[in-house]
Each structure stands twice: as structure tokens, then as C-alpha cells.
Amino acid sequence: MSTPAAPRTRSSSAARAARAGEGSHRTWIFVGVGLVVVFAAILAVALATEETSSTAAVAEVTVTGDPLPLFTEPTDDPAIGLPAPALSGTGIDDEPLEITPGDGTAKVITFFAHWCPVCQTEVPLLVDLLDEGGLPDDVELVAVSTGVDPARGNYPPGAWFAREGWEEPTLVDDTQSPAGRAFGLSAYPYYVAVDAEGNVVQRSSGAISMEQVQQLAAAAAAG
């Protein structure tokens with residue numbers, strides 16, 4: 001007498017259930033991996049955003065004093081002898097910063113735009129000059145980051161300055177460049193030498209040599 005065949009219905013149902021369970025398990029694995037990838041991407045973007053926003057690109061600036069005439073003629077500059085305005089705002093390190101001519105320290109005030117090719121050339125040269133002690137001890141070199149444009153190179157400017165090793169006090173200008181306009185800025189880079197009493201002794205714009213920067217500093221120190 002032959003042994004009856006085992007029912008197939010239950011085993012087939014169990015197999016289908018097992019396969020369905022395995023497929024569901026694999027689906028959850030794929031979903032989990034996908035969520036990990038998405039979370040990692042979101043975290044990377046958040047960290048990059050935090051790094052970018054850790055230094056101010058633009059900020060409100062308060063100008064105290066009369067603005068200087070627009071710089072057009074280095075040989076007959078009407079700003080010579082005029083008191084330079086004071087600036088108050090935020091530095092590229094997000095800390096409060098003031099540039100106060102007439103505080104008893106002569107200054108060379110520089111204005112840079114992050115996208116300006118000449119600025120990109122001169123900032124590292126200035127870093128080297130300062131590292132070598134190429135300016136008088138009684139002259140302070142400070143900077144203003146102005147002309148900011150997110151669509152152009154080296155944005156944000158704070159990251160650019162950091163890459164170049166720039167450590168000098170640097171004020172962040174507003175979107176309308178009130179600091180630049182207050183000093184009569186007409187081209188980048190721009191330099192204003194101010195004596196210890198706060199009066200303008202010399203201005204220069206465009207490409208200049210480090211020897212000319214030293215001359216500006218000497219003029220500021222001499223008053």
C-alpha cells in the first residue's frame with residue numbers, strides 16, 4: 001500500500017510566506033540604507049552651511065563723520081588733510097570691530113573685494129610683508145571686505161581670507177558698501193593712509209607694489 005502524498009497547499013503557502021517575508025526584510029534593509037545615505041547628505045550640507053555661515057559675508061556698518069571725496073586723482077587728491085570717518089560693525093570673525101582714525105595710532109586702511117584679481121594677488125603678498133615685519137610698529141594695517149557678490153569667485157570672503165592666512169582686523173561691509181563709499185573708494189584694491197590724528201595723508205587704488213605699501217605706511221607714520 002502506497003503512502004499518501006503530503007498535502008502541497010500548506011507547504012506552498014509557507015514558501016510563499018517565507019519568500020514574502022524575505023522580500024519584505026530586504027525592502028526594509030534598502031529603506032534603512034537609503035535613510036542613512038539621505039541623513040548623511042543632510043548632515044554634510046548642514047555642516048557645510050555652518051562652516052560657510054561661521055564668518056559674516058556682509059553686515060551693517062555705522063559710519064561716523066563726513067565721507068571723503070571720491071578718489072580720482074592721486075597727484076591732486078582733495079581728501080589729503082581731511083579727517084577720515086570712523087567705521088563700526090562686524091569683523092569677518094563675527095566679532096564687533098571698529099576702525100577709529102584719530103585714536104593715536106597711524107593706520108593704513110585697505111579695501112578688498114573677494115572676486116578682484118588684483119586683490120587676490122596682493123593679499124598673499126601683504127601677508128608675507130606683514131610676516132616679515134615689513135611695516136613700522138607704530139602703524140596699524142586694517143582691512144575692509146567690500147563689494148561682496150555671492151555669484152563671483154572666492155565667496156564667502158571670510159573663507160578666502162582664511163585660505164590666504166590673512167589675520168589682520170577686517171571689517172565686513174554692507175551690501176551697499178557704505179564703508180567703501182565713506183572713504184571715496186573708486187577701484188579695488190584701495191588704500192587709505194591715515195596719520196595718528198586721523199587725517200588722510202595719502203590714498204591709492206589698483207595694483208601697487210609692496211614697496212608702495214611701505215611708502216603709504218611711512219606717510220601715515222610721518223603724518
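**Exercise 1. Find which residues of the largest nonpolar core touch the most other members, and which elements supply this core.**

Start with the term: a nonpolar core is a set of buried Ala, Val, Leu, Ile, Met, Phe, Trp, Tyr and Cys residues joined through side-chain atoms within 4.5 Å. Buried means under 20% relative accessible area, exposed over 50%, and partly exposed in between, using a 1.4 Å probe and protein chains only.

Step 1. The largest core has 30 residues, and F112, V123, L126, F161, W166, Y191 and V213 touch the most other members.

Step 2. Now the elements that give two or more residues to this core: β4 (106–112), α2 (117–131), β5 (139–145), α3 (157–163), β7 (190–194) and α5 (210–222). Helices (H or I, at least four residues) and strands (E, at least two) are DSSP runs, numbered from the N terminus.

Step 3. Zoom in on V213. Leaving out residues up to four places away in sequence, V213 touches L126, L129, L135, Y191 and I208, where contact means heavy atoms within 4.5 Å.

A word on the model: it is predicted, so local features need pLDDT of at least 70 and side-chain atom pairs count only at pLDDT 80 or more, while totals for chains, interfaces and linings use all residues. Residues are numbered from 1 along each chain as its sequence is written, and side-chain values use heavy atoms, with hydrogens and water left out.

**Exercise 2. Work out which parts of the chain the ring pairs of Y190 tie together.**

Step 1. Rings of Phe, Tyr and Trp (its six-membered ring) pair if their centres lie within 6.5 Å; planes under 30 degrees apart count as stacked, over 60 as edge-to-face and the rest as tilted. The structure holds nine such aromatic pairs.

Step 2. Take F71 and Y190: the centres are 5.9 Å apart and the planes sit at 50 degrees, so this pair is tilted. F71 is in the loop between β1 (62–64) and β2 (86–90) and Y190 is in strand β7, so the pair ties together parts 119 residues apart in sequence.

Step 3. Next, F111 and Y190: with centres 5.5 Å apart and planes at 50 degrees, this pair is tilted too. F111 belongs to strand β4 and Y190 to strand β7, so here the linked parts are 79 residues apart in sequence.

Step 4. Check burial: F71 and Y190 are both buried, and F111 is buried with a relative accessible area of 0%.

Step 5. Elsewhere, ring pairs link F112, W160, F161, W166 and Y191 into a cluster.

**Exercise 3. Decide for K107 and for T175: buried or exposed?**

Step 1. K107 lies in strand β4. Its relative accessible area is 2%, so K107 is buried.

Step 2. List the neighbours. Not counting residues up to four places away in sequence, K107 touches T100, V139, E140, V192, A193, V194 and A220. A polar atom of the K107 side chain also lies 3.2 Å from the backbone oxygen of T105.

Step 3. T175 is found in the loop between β6 (170–172) and α4 (178–182). With a relative accessible area of 54%, T175 is exposed.

Step 4. Finish with its surroundings: the C-alpha atoms of T175 and T146 are separated by 8.0 Å, and these residues are 29 apart along the chain.

Methods: Polar contact = N/O pair within 3.5 Å; in protein donor to acceptor, adjacent residues only side chain to side chain.
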